[in-house]
Amino acid sequence: MIPRLHKRGGRTAGLLHYLYGPGTHEEHLDPHLVAAFDPLAPDPGRDPQATYRQLQQLLDQPVNALPEQRRPDKHVWHLSVRAAPEDPVLSDEDWAAIARRVVNATGIAPDGDETACRWAAVRHADDHIHIVATLVRDDGRRPRLHNEARRAQTEARAIEADYGLRRVAPGDGTAAKRSTSAERNKAERLGQDSTSRELLREHVHRALAGAVDETEFFDRLAAEGVRIKKRVAPSGDMLGYSVAIVGDRNKTGQPIWFSGSKLAPDLSLPRIRKRFATTADMAGPPTVLERSGATAPVRARHFAAEASDAALTSMTSGDDGAASAQLIGVGEVLDALTQTSGGTTRNELREAARHFERATRSHIRAKEAQMHGLRRAALQIVHSGPALGRGPDGAATASLLDIVILAVVAAARWHAARAHAQQAEAAQRAADHLRAAYQATAAAPLAAMRTYGQQLPDPVRQRQANTVRTTLPHLSDRLQAEPGWNALTAALDQAERAGHDTTALLTKAAARRELDSADSISDVLVWRLHHLGYITPPTTAPRTQRPRPATAQVPAAAVVANQPANRPRRR
């Protein structure tokens with residue numbers, strides 16, 4: 001159940017006409033009162049003798065009784081309470097009881113207060129009510145409404161428990177500002193999936209993920225197709241900025257601007273400048289093993305995989321400040337991947353980034369220095385350019401997503417352990433979209449590797465099976481029964497031919513994270529071997545390529561692993 005506090009107004013009659021009217025899309029059905037401060041209040045919806053004016057005058061009476069100079073300019077209080085789509089349809093009696101609980105909790109009409117504010121609850125749909133109140137009490141005083149929105153949310157959680165309704169995750173006040181009902185209605189009229197505020201928030205986050213300084217940030221923001229207005233002091237110093245969607249105008253034809261701080265707290269200019277103060281040394285190539293023939297997107301994704309794996313370790317270290325920083329860094333990696341991917345993968349990554357954005361904020365202060373690795377990874381991904389959805393690029397992306405999914409799941413658990421309900425739910429939703437992105441990305445390279453593994457000579461297949469049996473005796477039978485066994489065989493063969501000690505490499509791959517909960521252990525090991533084969537120096541010189549069946553092709557995921565490695569750079 002979601003209570004939503006609307007902007008205060010100055011015309012009680014105008015709001016009543018809307019609530020009792022047909023609605024903007026004829027969606028208001030059978031509007032009527034379900035409760036009011038006075039059981040005998042007129043109901044223009046059900047009583048043909050009652051009028052809007054009678055109800056308006058009754059509600060406004062304490063306001064009009066004050067001298068004009070003491071009347072508040074915005075005296076109309078409006079709060080809607082909506083049930084979840086899967087909740088049962090509540091009766092008028094249930095909604096009446098809910099309305100009384102809400103006005104009591106918010107301070108509009110505390111129980112037993114005979115001189116409280118006047119209010120009325122109107123129902124014009126099965127799933128919600130609107131509560132209208134006037135903000136002058138019968139004794140002429142103003143109500144005490146400090147933090148009434150949060151108190152309404154707290155009462156909604158209790159109502160959900162009492163009525164067996166869907167339990168909505170409670171917030172902690174760190175979410176970005178939600179779009180207004182007017183913004184949502186406008187987006188619906190224009191056929192947009194998101195409001196201008198939401199779209200701009202995504203644009204700014206994406207521009208920020210690939211920038212190392214303020215100049216590059218605004219250049220990238222302009223490249224996103226966003227209008228930019230900078231606020232400049234007489235001295236020439238920039239004080240702030242605002243952004244607008246091209247073509248999004250108000251009724252007077254002026255662009256609708258949103259300042260960075262109105263989009264999200266971390267997007268204000270001071271917060272962005274603080275961020276750039278820690279990213280001045282992030283230019284340069286990735287500090288992982290570079291393979292000859294590897295594309296820039298492949299190198300950047302392997303670097304990001306290493307940074308994500310380190311972040312995963314940090315989230316379980318017990319240092320909340322470091323973990324909070326890693327969450328922000330993971331969000332920036334998702335923004336960077338969204339910009340450089342295509343097709344279905346890009347769509348799923350965009351949704352994942354949009355959901356995970358909520359998981360990057362809490363009241364725990366992030367240690368800025370701890371997110372350095374992930375921020376540099378995001379920068380490298382963006383500057384490496386678009387990645388192909390196939391071949392080595394696609395395999396490197398799948399390998400990275402395999403680790404990022406674990407990091408996002410760990411983020412959900414981290415938030416849940418600290419009672420950050422909204423953030424935990426957002427991270428879980430992001431993980432669902434990341435799994436879909438992984439499936440879209442990994443399908444082709446895994447299919448190629450399975451085909452290749454199946455066509456390897458029997459002695460080679462037997463040797464790799466012995467390696468698995470020796471290294472992972474408790475998992476050997478399960479692995480050989482999985483559909484991905486042939487792909488694992490191919491990965492081990494390619495690692496062997498690249499000069500790696502396959503027993504050592506497989507041991508390291510299995511030890512990275514637990515495997516028992518994986519849907520396909522063989523697929524997980526394929527990507528770990530692929531990544532470790534890239535970043536680990538071979539123990540011997542690469543072997544000469546053995547003859548392959550005419551129908552077999554080298555798996556895309558293994559192309560890089562066959563190349564000789566340069567010496568590793570120091571981190």
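Q: In what order do the strands of the open sheet run, and what is the pairing?
A: Read a sheet from one side to the other, strand by strand. In this predicted model, 5 strands form an open sheet, ordered β1-β3-β5-β4-β2. The pairing is antiparallel.

Q: Which strands are the edge strands?
A: Look for strands that pair on one side only. Here they are β1 (2–5) and β2 (32–36).

Q: How many degrees does the twist average from one strand to the next?
A: The twist averages 25 degrees from one strand to the next.

Q: Which phi does N147 have?
A: Now turn to the backbone angles. N147 is not a glycine, yet its phi is positive, about 60 degrees.

Q: Where is N147, and how exposed is N147?
A: N147 sits in the loop between β5 (128–134) and α4 (148–163). Its relative accessible area is 40%, so N147 is partly exposed. The cut-off for exposed is over 50%, and for buried under 20%.

Q: What about A419: where does A419 lie?
A: The loop between α14 (391–417) and α15 (421–454) holds A419. A419 is a residue other than glycine with a positive phi, near 60 degrees.

Q: Does A419 count as buried or exposed?
A: Apply the cut-off again. A419 has 65% relative accessibility, so A419 counts as exposed.

Notes. Residues numbered from 1 in each chain as written. Predicted model: local features only at pLDDT ≥ 70, side-chain atom pairs only at ≥ 80, totals over all residues. Heavy atoms only, no water. Helix = DSSP H or I, 4+ residues; strand = E, 2+ residues; numbered from the N terminus. Buried < 20%, exposed > 50% of the residue type's maximum accessible area, 1.4 Å probe, protein only. Pairing = 2+ DSSP bridges. Axes fitted to C-alpha atoms, helices over the stretch in contact; angles between N-to-C directions.
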